[in-house]
Structures are given as structure tokens and as C-alpha cells.
Amino acid sequence: MDRRNFLRLSSTAGALYAASGIAGLPARAATTHIDSGWRTFELATEINVADSGAHARIWIPIPDAHNTSYQRAATTTWQIGGGGSAQLMHAPGSNVQMLAAQWPDAGPSRTVSVTSTFQIRNRQVDLTQPPSADAPPERRAVLERYLQPTALLPTDGIVKQTAERIIRGRRGDIEKARAIYNWVVLNTCRTASTRGCGIGDVRYMLTANDLNGKCADINSLFVALARASGIPARDAYGIRVADSQLGYQSLGASGDVTGAQHCRAEFYAAGYGWVPVDPADVRKVMLQESPGNLPLGDPKVHAARVMLFGAWEMNWVAYNHGHDVALPGTQHGAVPFLMYPNGESSDGRFDSLDPKTFSYRLKARQLTT
């Protein structure tokens, strides 16, 4: 995708910036080099099992190895110490890939280092054009899978009722999905105090009228409402690996990315393929972009809202689309998703959202431009 096409999604907001003379995303993006081709990155995970219990197991998410138009060539290598063993595995009944490591006995030097390399490039689906017969097709079985409810993303009851109200009078999947996207942007709120990325308990959010949280809450709400409307949709779990080139301080991370996990979303529309969206990042811009607590009408927010229905800036790498992930060999139940390192020992499950106690660190660096 060339730079002009990617930036065109925020051209309306760019005009607002130019007219107002405000320094920010569109004006800055118009004069700053934006990488339009493939960039190669390395993501390194270092884990030192601090728990003293025996029979420790670790499950580490890794970049999706399936090549797409925006991510490709993912390879993963690892080293393990302390007498442990590790192998690449899939969660039972899913395509969620991970590195699974284990140590049969307690020990002071149980470590694992994982290095993944991959290529990413900016992603855009041009929704201003009519549907095309040349759009990437998807298998019926895949589309059916992403219409199904999950433990935290039901499609009946209050979810179905809410979806029906939102899409009433809308025609076609693009306009229905746009209505859901706008409803989520308008009605949710990013809450800085939410641990990690949230968990995405959609029924609770709607029943309690508590539409606050972070990306796994806000984008899961979009996904559940889309599925309840008959539109295949899925979360995409991953991590930010570079600063934003579009002028957003809040939408990037580089170097130490231990806490940079981010969930995105996409839906399927015939004639277009999978369409990227990210209403959660619109709310993040509102909360965190300078000077903070920006209104919906702010040009920075408008630019993000326009761009993030149909495009992703790929300073982020995708892990998987999995829900209700059964970790191979676990002594406990499934996890809602696999976006953080998970682990357990005979003493119990580790807190994946506490990297200091769990003792893990992630670093990202760009290898080529």
C-alpha cells in the first residue's frame, strides 16, 4: 500500500488540521516519511520462572506464522535452561500457536528465551470502492467459526437485542458494521485503571451498562455485536512493536514492549474480505493524546475514527484470533485469550498481568526498513 492511499482515510481530519493550524497527526503525517513497504522486526521474550513450585509450565504467544497481505515470514526460535523442554504447539481445537515450555522439578534457573522475526506493512481496505469479485475469499467453515458465540462473547439475549437496535434500517454488512463501530466509539470509555487489556465480558458490560475498559473489552464488544448481527467478526490479539508514524504518541511502543499488548478487531464483508477496525484505539486517543481527555469532535480523534474503520497502522504484530484458549497440559481451565505469557506450577496459576512477579520481559526492534 502506498503512503497516499493509507493517509487518504484521514484526509477529512487532515483538512481540519490544516485549516486550524494545529500541529498533530494529519499535518505531521503529510510531511513525515511513512513506511509503505515491508519492515522486518524482531520480538524477544525473556522469562525467568520465579515461582518456586515444581512442575512449572509456560505458554508464550508468538506471531502468527500464516502469511497475509500485512504480515508474513514469521519464524520463532528459542533457548531453554534449567533442565526444561519446549516445543511449538497449537491449542486443542484451534489455530492458536504458542511456545509451550515445562520443567519437571523446582529449580533456581528455569529460564526460556524466545525470539521471533517477522515482516509487517500498513493495511487498508478501500471501502470507497464497490465490492470486487477479486477480493480475497474466505472458506465457509472459517466464516461460520467467527459467527459463533464464546464464553465471554455471547450473541443472544441483551447482545442480540442491542445489535438489532444499532443496525435497524441499515443495509449491507459494511453499513451495519459501520453503525456498530460508531456505536461502540460513542458509548464506550477507556479506563486507565483496567488491568492489562481487560477481559471482554460482553454480557456483563451490556447488562451492567458498564461499557468501560480497555482494548479487549471495547473491541470484543464490537466483535460480539457484529456476530449477533450475522457478520463474521474476530478479535486479533497481538502487541505493538514500533512507534506510530502517524503522529499518535499513544498508539505506539518500541524497545521495551512488556506492557504493549493490544487487541484489534476485523469483520468480513463479501467483495472486500476481512476489514480491519479498531474502535478501542479511538477511545485511547481521546484519553491519552495531549492534552488529554479530548472530545469526540477534536480533529485528532476524528482522524483516528475515520482511519480505524478500514485500516491498521502496522506498528503491531498479530498473534492469533483465539477465544476460550485451552492451554496444552494445563491443570486449570481455559483462558479467555492468549496475548500475554501464561504459566503455572504445582502452587497454582501465575498472574500473567504482573510481569515483575511472573518475571518476564519483551523487547522489540526493527531490523530493516
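How much space lies in the second largest pocket? About 330 Å³. Let me start there, and keep in mind throughout that this is a predicted model.

So, who sits around that pocket? There are 21 residues lining the second largest pocket, and the closest to its centre are Arg 190, Gly 196, Gly 259, Ala 260 and Gln 261. If you'd rather think in elements, strand 12, residues 261–269, and helix 9, residues 279–288, each give two or more residues to the lining.

While we're in that part of the sequence, have a look at Arg 195. You'll find Arg 195 in the loop between strand 8, which is 189–190, and helix 7. Is Arg 195 buried, exposed or partly exposed? It counts as partly exposed, because its relative accessibility is 48%, and the band for that label runs between 20% and 50%. Who does Arg 195 touch? Leave aside the neighbours within four places in sequence, and Arg 195 is in contact with Asp 351, Leu 353 and Asp 354. Leu 296 is another story: Arg 195 and Leu 296 are 101 residues apart in sequence, and 25 Å apart in space, C-alpha to C-alpha.

Now follow helix 9 out into the loop that runs from it to helix 10, residues 299–307. Pro 291 is in that loop, and the peptide bond joining Ser 290 and Pro 291 is cis, with omega about 5°. Asn 293 is in the loop between helix 9 and helix 10 too. Its phi is positive, near 55°, and Asn 293 isn't a glycine. Asn 293 counts as exposed, because its relative accessibility is 64% and the cut-off for that is over 50%.

Asp 324 is another non-glycine residue with a positive phi, near 50°. That one is in the loop between strand 15, 316–320, and strand 16, 342–345. With 34% relative accessibility, Asp 324 counts as partly exposed.

How many cavities of 30 Å³ or more does the structure hold? One. About 40 Å³ of space lies in the largest cavity.

On to helix 5, residues 157–167. Its buried residues are Val 159, Thr 162, Ala 163, Ile 166 and Ile 167.

Okay, aromatics. A search of the whole structure turns up eleven aromatic pairs. Let me show you Phe 41 and Phe 118: that pair is stacked, 6.2 Å centre to centre, with 15° between the planes. Phe 41 is in strand 1, residues 39–48, and Phe 118 is in strand 6, residues 111–120, so to speak two distant parts of the chain that the pair links, 77 residues apart. Both of these phenylalanines, Phe 41 and Phe 118, are buried.

Then there's Phe 358 with Tyr 360. Those two form an edge-to-face pair, 5.2 Å centre to centre and 90° between the planes. Phe 358 is buried, and Tyr 360 is as well. There's also an aromatic cluster, made of Tyr 181, Phe 222, Phe 267 and Phe 309.

The charged end of Arg 123 sits over the ring of Trp 312, 4.6 Å from the centre. The charged end of Arg 234 sits over the ring of Trp 274, 3.8 Å from the centre.

Last stop, Thr 68, in the loop between strand 2 (56–61) and strand 3 (71–81). Thr 68 is partly exposed, with a relative accessible area of 31%. Thr 68 and Ile 120 are 52 residues apart along the chain, and their C-alpha atoms are separated by 9.3 Å.

Conventions: Residues are numbered from 1 along each chain as its sequence is written. This is a predicted model: local features need pLDDT of at least 70, side-chain atom pairs count only at pLDDT 80 or more; totals for chains, interfaces and linings use all residues. Side-chain values use heavy atoms; hydrogens and water are left out. Buried means under 20% relative accessible area, exposed over 50%, partly exposed in between (1.4 Å probe, protein chains only). Helices (H or I, at least four residues) and strands (E, at least two) are DSSP runs, numbered from the N terminus. Rings of Phe, Tyr and Trp (its six-membered ring) pair if their centres lie within 6.5 Å; planes under 30 degrees apart count as stacked, over 60 as edge-to-face and the rest as tilted. A charge sits over a ring if NZ of Lys or CZ of Arg is within 6 Å of the ring centre and within 35 degrees of the ring normal. On a 1 Å grid over the protein atoms alone, a cavity is a set of points where a 1.4 Å probe fits but cannot get out, and a pocket is an open set with protein on both sides within 12 Å along at least five of seven lines; lining residues have an atom within 4 Å of a point. Grid points are joined across faces, edges and corners, and a volume is the space filled by probe spheres set on the points. Contact means heavy atoms within 4.5 Å.
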